[in-house]
Amino acid sequence: MSSSVITESVIAPACKKEDLLLDSTLRPRQLKEYIGQQKIKESLEIIMEAAKNRGESLEHMLFHGPAGLGKTTLAHILSYEMQANIKVTSGPILERTGDLASLLTNLNDGDILFIDEIHRLNRTVEEALYPAMEDFRLDIVVGKGPSAQVLELNLPRFTLIGATTRIGLLTNPLRSRFGGLFRLNLYSPAEIQTIVNRSAKILNLTIEPNGACAIAGCSRRNPRIANRLLKRVRDFAQVKGDGIINEKMAKKAFSMLEIDNSGLEKIDRDILKVIVEKFGGGPIGVQTLAAAIGEEEDTLVDVYEPYLMELGLIARTPRGRVVTANGYQHLGLKHIAKKI
Ligand code: ADE
């Protein structure tokens, strides 16, 4: 987050302890509690039942899609439903083959290894994963130079579950070793409303239907953001109202947080403004844009862009990002069509 942005972002990735705790309290444990992603749930039910009937471990699976849609939650649900242990790690944490080896050799048959941000694995570790995924074998090089030897380690029949926001960055050999690839989509407003009501119940809150509807409307169709907004409105209702969460409280809280009716935060509007004011509406390369708004390129691409694109406010062209006519309209500006 750029130091020039003072307002705390509701949509930025989960990192604070409090948010992680909230995520885990509200996270559904069983597939039947999980709201939305109907097609994925149906497929997972069949895959799990078939594996159980055959007495086998689950196939390796990859979940991809924008942050906050429930990829990690699904991995934990699979471990719960299969009564399997789960070990959680992430691409950037696994720096050496040895890190991977110590994780894999400590697993048992049927256990799940969850690798978040799997697109950020380095090449050496990724290549060590290929035989591990395919033949449950790990080739370890012992020693150096001409006397180096390859040690073949047999591994338990584990299940790898990978998660990524950037499927396009995965290499073909890695992607093709997953038995199931699932793309998580944005949730419908009705599904988000159901999630908000479920979370409110877990947190013991009183919420009116118009309050759940207002929160869903600003949630960017993303459960993680919806749950964070719920928390913010809860705080607001507790301090400025009678604790009851309704539309009025939600609207006041959102206005204070500078979240507009489409669920856009100041940073989103800043992105649009920067493209228009500094780069003539685009096209502008993603690296330049990230530098101009003082954000990491990954955060721009994974967190902010998906929803701006979903709303049709910006578009991706081969030469970079452009603000669309809708984007201009959102800023209250007149759009002059350019030849690009
Ligand atoms: N909390 C966050 N995501 C959820 C989902 N998909 N279903 C139920 N509760 C959730």
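# A chat about salt bridges, helices and a pocket

Student: Is Glu33 buried, exposed or partly exposed?
Tutor: Glu33 counts as partly exposed, at 27% relative accessibility. Buried means under 20% relative accessible area, exposed means over 50%, and partly exposed is in between, using a 1.4 Å probe on protein chains only.

Student: What kind of model is this?
Tutor: This is a predicted model, where local features need pLDDT of at least 70, side-chain atom pairs count only at pLDDT 80 or more, and totals for chains, interfaces and linings use all residues. Residues are numbered from 1 along each chain as its sequence is written, and side-chain values use heavy atoms, with hydrogens and water left out.

Student: Which residue forms a salt bridge with Glu33?
Tutor: Arg198 does. Their closest N and O atoms are 3.0 Å apart. A salt bridge here is a side-chain nitrogen of Lys or Arg within 4 Å of a carboxyl oxygen of Asp or Glu.

Student: How many salt bridges does the rule give?
Tutor: The count is 17.

Student: What does Arg166 pair with?
Tutor: Arg166 forms a salt bridge with Asp302, with 3.6 Å between the closest N and O atoms. This pair links distant parts of the chain, 136 residues apart. Arg166 is in the loop between strand E6 (159-164) and helix H6 (172-175), while Asp302 is in helix H13 (residues 297-310).

Student: Are those two buried or exposed?
Tutor: Arg166 is buried, and so is Asp302.

Student: And what about Asp270?
Tutor: Asp270 forms a salt bridge with Lys266. The closest N and O atoms are 3.1 Å apart. Both residues sit in helix H11 (residues 266-279), and because they are four residues apart there, about one helical turn separates them. Lys266 is partly exposed, with a relative accessible area of 35%.

Student: Which residues do shared partners join into one network?
Tutor: Asp135, Arg137 and Asp139.

Student: New topic. How do helix H4 and helix H5 pack?
Tutor: Helix H4 (residues 97-104) and helix H5 (residues 123-135) pack at about 35 degrees, and their axes are 9 Å apart. Axes are lines fitted to C-alpha atoms, for helices over the stretch in contact, and angles run from 0 to 180 degrees between N-to-C directions.

Student: Which residues meet there?
Tutor: From H4 come Thr97, Leu100 and Leu104, and they meet Thr124, Val125, Ala128, Leu129 and Ala132 of H5. By class, that contact has six nonpolar, two polar and no charged residues. Ala, Val, Leu, Ile, Met, Phe, Trp, Tyr, Cys and Pro count as nonpolar, Asp, Glu, Lys and Arg as charged, and the others, Gly among them, as polar.

Student: Which residues lie nearest the centre of the second largest pocket?
Tutor: Pro66, Thr165, Arg183, Pro306 and Arg316, out of 15 lining residues. On a 1 Å grid over the protein atoms alone, a pocket is an open set of points where a 1.4 Å probe fits, with protein on both sides within 12 Å along at least five of seven lines, and lining residues have an atom within 4 Å of a point.

Student: What gives the most to that lining?
Tutor: H13 does, with five residues. By class, the lining has seven nonpolar, three polar and five charged residues.

Student: Last one. Which residues does the cis peptide bond join?
Tutor: Gly282 and Pro283, with omega about 5 degrees. Pro283 is in the loop between H11 and helix H12 (286-293). Most peptide bonds are trans, and most residues other than glycine have a negative phi.

Student: Where is Gln37, and what is its phi?
Tutor: Gln37 lies in the loop between H1 and H2. Gln37 is not a glycine, yet its phi is positive, about 50 degrees. Gln37 is buried, with a relative accessible area of 10%.

Note on methods: Helices (H or I, at least four residues) and strands (E, at least two) are DSSP runs, numbered from the N terminus. Contact means heavy atoms within 4.5 Å.
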